[in-house]
Amino acid sequence: MIWGIFKRDMCHATRNVIAVIVSMGLVVVPALYAWFNIAASWDPYGNTKALKVAVANNDKGYKSDLIPVRVNVGETIISTLHANDQLDWQFVKSDKAIDGVKSGEYYAAIVIPKGFSADMMTLFSPDIKHAQLKYYLNEKINPIAPHITDQGATTVVNTIDKTFAKTIAQVGLDLASSILHYSQSPQMAEYMRNLNGNLTTMADTLSGASQQVTSYSQLLGSANDIVDSTGKLLASATKAGKQAQNALKQGKSGATSLTSAGANVTSSVNTALDQVSGAFDQVAAKVNKAFDAIGKDSDTAASQLATLSEQISSGESLYDTYITSLNHMRESVEQLPDSDSAKQALLEAIDREITLLEAAKGDSQKLAQQLKDASTQVTQDTAAAESSRKEILNRITSAKQSISNVRDDYATNVKPKIDALASTVSTLISQTDSMITQLSGTADGLDDVTGDVGTNVTSIRSTLGAIAKKLDSSAATVKELITKLETGGNAGDGNSDGGDGDNDADSGESDELRALATANASTLSTLISAPVALHRVSVYPIANYGSAMAPFYTILSIWVGAIILCAMLKVTISDREKAHVLGLGDTLPRIAGPSGPGNASRWGLRLDHEYFGRYAIFALLALLQGTLVCLGDTYFLGVQANHALQFLAVGWLAALVFSNIVYTLTVSFGDIGKAVAVVLLVMQVAGSGGTFPIETLPKFFQMLYPFLPFPHAIDAMHAAMAGSYDNEYLLDMVYLALFLIPSLLLGLVLRKPVIRLNNWVSRNLESTKVM
């Protein structure tokens, strides 16, 4: 029965040209669906060079005061992108770039701001500022383009990072190389000698400072004894204060008499100066008398002049005594506090008085010398005597005037200030008396302070001891540095003939540094900028993106082919066809009842015969669809298939399973079954994991995933293409074949109760004259 139905279906499908063309179309259309999608996605990321992305550089660059080298990262980016064909880079102004993104002329735009280089160089300052590129993106043009341009922007950022790191590393290595070469120059050797000398001086200074601090600590230890003595001294302050008060009382009476004493002194000074002035008058008379006697008795005149000279010379001691007294007075006045307003005025008066006395003394000395010279001349040259006489008389007049100046200055300046000083001393004595009284009252409190001072001194000594240790430690560190520098210098010069292990280690480090500095700076900087290189090891490698997507589109096209078959071919058998298969002519007997599945069962054409008989042509066409699409994938498109026969077997099994499912749904539920087949198609497109990993999909699809046929068919096809892990391929094939069980159960058993319902739905749809 099944064979009879299949033979008649094949005859009808090949009866005329139109039927053959339609049959061929049913086989070819699903393959075209798969091939177009696979070819379109063959290498999408390899054709991104047609995507236009604008780049605008506004970077002004940066130049450091420390390193006068201009840095412009923006220019570096532009130069790099000129050699990059990943995208279709368009180098325009920033305004045009932004407007082009808005209009859709560009998919995206990268704008490099003005301060980009300056922000990047803040890496070497305390205030680091993150450099940012402005990335404009038009997301409405295409759903995939933003992701591709994002990858391009990320490439730009990575290129900037690597270039910047490489540049900095290369500069650092070049600098290290320059320093190494400079370190071996004679200038560097001289600098090292100077440095060692300075460090030696520093170490000696630190050691000396430590010794001084230790001495201070010992001095403070001695201060404890002084503090104790001070306490005892303060204890006796009250008694001494009382004695001082008694002495001050006596001083007050002495100060009271100072004014009267000053008056007496003034009187005595005036008397003495008057006598001196009178003496000069007598000297003048004797000089005239001596010169008058020159012509008569020159020897007597000479003797008189010599005597006068000696008398005047002997009078110089009077000036010295007076000057000494004034100096003593000046020393006493200097001991007065600076705040005393009378101090400076009195000092100036005394200085002026001393100056006048010295002038008067000088006149007396000159007068004595002239008298002496005159005593000699009168015996030798009588004619010159008269001239000497006039000069001596003039000198006497000058000396007398000097004495008068001394007397007047004393009376005008010195005497009033002495009186004022006496008054001030009296006031000071009164204030001192009050102060001593207060001091006696506070002496007891100061006794307690001395105890606290002793405690603080002990604490300070402890601190100074710690400081001394730190200074000794610092001195030792500096000396150790000197030793290392000397060792390093010897190692660098290559003059060391051995040494201990440390010297060997230092020499090894120097050799490593020298090797690093003399190596290829470009290679090392590249290594530093990208220290980790990604070595990609493909497990079950796929040749290209088209091959990776081929299983999804192939399996999808096979399901679409099954839906097309059910849409174009009838799933039910007419009564006329049943009659011909049974050999009953063109119609079934009237007793067969209304047309429908199973109405010819009394003549031997059971429901399962109808099911498999009509399904046979569906299965044949589905197998042809699967074969064509798989062979086309492999030999027409060149999809990778390491195991071509397994790849083809997956297509066959998927064609049988999918066609049976869609056929069963249609034969059981009619047009509703077709709709269910389309719904299943949509669900599997979204939840099969053919495009995105199932783990990235919503939870609903992750739960539904194992119960859909697509995932197992796609996994089996992947295993056939790239290789299978253990029994992965066989298990996926078994899981895929298991979907035939519920499909056959529905088509052969479970659909019997709904046959009448399905017939009723079909009649109502046909009655609409539209469906």
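Residues are numbered from 1 along each chain as its sequence is written. Because the model is predicted, local features need pLDDT of at least 70 and side-chain atom pairs count only at pLDDT 80 or more, while totals for chains, interfaces and linings use all residues; side-chain values use heavy atoms, with hydrogens and water left out.

**Salt bridges**

Let's start with charged pairs. Side chains of opposite charge can pair when their charged atoms come close. Here a salt bridge means a side-chain nitrogen of Lys or Arg within 4 Å of a carboxyl oxygen of Asp or Glu.

| Pair | N to O distance |
|---|---|
| Arginine 8 and glutamate 577 | 2.6 Å |
| Lysine 578 and aspartate 575 | 3.9 Å |
| Aspartate 608 and arginine 606 | 3.2 Å |

The pair of arginine 8 and glutamate 577 links distant parts of the chain, with arginine 8 in helix 1 (residues 2–13) and glutamate 577 in helix 16, 569 residues apart. Helices are DSSP runs (H or I, at least four residues), numbered from the N terminus. Buried means under 20% relative accessible area, exposed over 50%, and partly exposed in between (1.4 Å probe, protein chains only). Glutamate 577 counts as buried because its relative accessibility is 12%, whereas arginine 8, at 23%, is partly exposed. Leaving aside neighbours within four places in sequence, glutamate 577 is in contact (heavy atoms within 4.5 Å) with Arg8 and His12.

Lysine 578 and aspartate 575 are both buried. They sit three residues apart in helix 16, so about one helical turn separates them. Asp575 and Lys578 are also linked with Glu610 in a network of salt bridges.

**A buried glutamine**

Glutamine 625 lies in helix 17 (residues 607–637). Is this residue buried or exposed? Glutamine 625 is buried, because its relative accessibility is 1%. Its side chain reaches the backbone oxygen of leucine 26 at 2.5 Å. Not counting residues up to four places away in sequence, glutamine 625 touches several residues, among them Leu26, Pro30 and Ile558.

**An enclosed helix**

Helix 18 (residues 644–669) has 26 residues and reaches 37 Å from its first C-alpha to its last. Of those 26 residues, 19 are buried, so helix 18 is largely enclosed by the rest of the structure. Just after helix 18, glycine 670 takes a positive phi of about 65°.

Conventions. Helices (H or I, at least four residues) and strands (E, at least two) are DSSP runs, numbered from the N terminus. The expected span of a helix is 1.5 Å times one less than its number of residues. A polar contact is a pair of N or O atoms within 3.5 Å; within protein, one must be able to donate a hydrogen and the other to accept it, and residues adjacent in sequence count only if both atoms are side-chain atoms.
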